[in-house]
Amino acid sequence: MSARVLVVDDIEANRRLLQAKLEAQYFTVLQAENGQHALDVAEQELPEIILLDVMMPGMDGYEVCRRLKANRLTAHIPVVMVTALSDSEDRVRGLEVGAEDFLTKPVDDFALMSRMGALMRYNAVASELRQRQASGLKAGAMDETQDEELHRPARVFIIDDNPRTSARMATMLRNDGHTATTLLEAGDMSNLATMGVDIMILSISAKAFDPLRLCAHFKMTEATRAVSIILVCDPSDRARAGKGLDIGASDVIFSPVDRQELLARVRTQTRRSRYIELLRHRVDRGLELSVIDQLTGLYNRRYMMSQMQQLMQRAVMGGKPVSIVMCDIDYFKSVNDTYGHDAGDEVLQEVAGRLRENVRPMDVVCRPGGEEFMVIMPDTPGDLACAAAERIRRAVASQPFMVSGGKREITITLSAGVATIRGPDDTIADITKRADTALYQAKMGGRNRVESVAA
Ligand SMILES: [Mg+2]
């Protein structure tokens, strides 16, 4: 399937024009004619990229962007603001509300395609990392403190054989708090990586060196591969800039360089490459932490806690209920005492299997420890959670368990306590305590039963 782009503009002719340009490049185009419609389509369709008009009646593009970025479902989708040519303040404002990039009207084919290409490459890396992160481990590593890191000033190298233009760019960058070093020709670059360079700005019209060759060299060299390259290009030199993008440059700015645009592009590139680095770091760190219980293959306590935290937060923000089912195998100690610990392990594994078979894909099944199991059920009110718990109880009690290598048949039951989030002030400790109380009632009420604490 080709990448889907959501085009948001209040004027139909503008949408049609962008649609034609994008479809010619094999993108699939979705459309929205106002802010609310854009938010709805974005959430339902999860397009790969959103092109967002700034000036719209009612909710303007900034507000739409802000809401997209505040919604967990759509926050990761790159947004390109489409602004009027005259207003360079718009660009900065767009980036401040979280947009990844901007285009000026009337939209130029080359600019459109180079932005789309860069975003698609970025998307490919980011989404792979996000998937790896989601499949293994939403665990502990989700702290947001590194957000600051994304916005730290950039360290920029400017390579341009024209001392006047490079000094001018360096001044613009320094005045915005970045570190800028100018080079009139490409010398020894081997220590760039150790210097922590974020961005290289490369003049495509330089005569003192071959900029495209240099670009290729940076991208093929391990030490400099991660550094983003921004090409500075005379408008008449688009073909070469296009080649540069193919080779691996991330972005193009046309000369004479506009201050706001330079700062905005440097900021975007820095944020983007640091975000990738951050995701990579999280994936690596997450893989080190085991989130799987070795015996049963269910999630362990650490994962359970991080999931509960995330889901409770989401429940508070989105108003959708979360329920938990706390299960405990009845008389498990006597299984161990009578048949041995190996048989006990077999029972735990079989209970885990039956739990897994009797929940929905969105539910998270955990074994926090011992003979205790927990099912976290997102978007599930209490009565549905009780029905699910009853299904689980039956699945365990109705069929005997085979232990000791299939030689013995024993009957196992479990008791379950159900609790549902009550409101924004509810904590993990509160909901866990209610589930615990309900489980205790189930045990006292004769075991092999489901109880919940009435709201
Ligand atoms: Mg408009």
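## Overall make-up

The protein chain contains 15 helices and 17 strands. The model is predicted. The chain has 455 residues, and 49% of them count as buried.

Among contacts in the protein chain with a separation of 6 or more, 68% are between residues 24 or more positions apart.

## The magnesium site

Three residues coordinate the magnesium ion: Asp10 (OD), Asp53 (OD) and Met55 (O). The distances run from 2.1 to 2.2 Å. Along the sequence, the spacing of these donor residues is D-x42-D-x1-M. Asp10 sits in the loop between β1 (4-8) and α1 (12-24), while Asp53 belongs to strand β3 (residues 49-53). The pair therefore ties together parts that are 43 residues apart in sequence.

Are these two aspartates buried or exposed? Asp53 is buried, at 3% relative accessible area. Asp10 has 29% relative accessibility, so it counts as partly exposed.

Helix α9 covers residues 238-247. Its buried residues are Ala241, Gly242, Gly244 and Leu245. Viewed down the axis of α9, these buried residues fall within an arc of 155 degrees, so they line one face of the helix.

The face of α9 turned away from the buried side carries Ala239 and Asp246, both exposed. Just after α9 comes Gly248, with a positive phi of about 140 degrees.

Arg121 lies in helix α5 (residues 109-136). Its relative accessible area is 39%, so Arg121 is partly exposed.

Which residues does Arg121 contact, leaving aside its neighbours within four places in sequence? They are Leu245 and Ala249. Leu245 is also one of the buried residues of α9. Arg121 and Ser250 are 129 residues apart along the chain, yet their C-alpha atoms are separated by 9.1 Å.

## Two helix pairs

Two packed helices are described by the angle between their axes and the distance between the axes.

Take helix α12 (residues 332-339) and helix α13 (residues 341-357). Their axes come within 6 Å and cross at roughly 140 degrees. The two helices, α12 and α13, are therefore oblique to each other. On the α12 side, Phe332, Val335, Asn336 and Tyr339 take part in the contact. They meet His341, Ala343, Gly344, Val347 and Leu348 of α13.

The second pair is helix α11 (residues 301-318) with helix α15 (residues 428-444). They pack at an angle of about 110 degrees, and their axes are 10 Å apart. That makes α11 roughly perpendicular to α15. From α11, the residues Met305, Met308, Gln309 and Met312 meet Ile428, Ile431 and Thr432 in α15.

## Cysteines

How many disulfides does the structure hold? The number is zero.

Cys233 is buried, with a relative accessible area of 1%. Cys386 counts as partly exposed, at 22% relative accessibility.

Definitions and conventions: Residues numbered from 1 in each chain as written. Predicted model: local features only at pLDDT ≥ 70, side-chain atom pairs only at ≥ 80, totals over all residues. Heavy atoms only, no water. Disulfide = S-S within 2.5 Å. Buried < 20%, exposed > 50% of the residue type's maximum accessible area, 1.4 Å probe, protein only. Helix = DSSP H or I, 4+ residues; strand = E, 2+ residues; numbered from the N terminus. Arc of directions from axis to C-beta. Donors = N, O, S within 2.8 Å, 3.2 Å for Na, K, Ca; no water. Axes fitted to C-alpha atoms, helices over the stretch in contact; angles between N-to-C directions. Parallel < 35°, antiparallel > 145°, perpendicular 65-115°, else oblique. Contact = heavy atoms within 4.5 Å.
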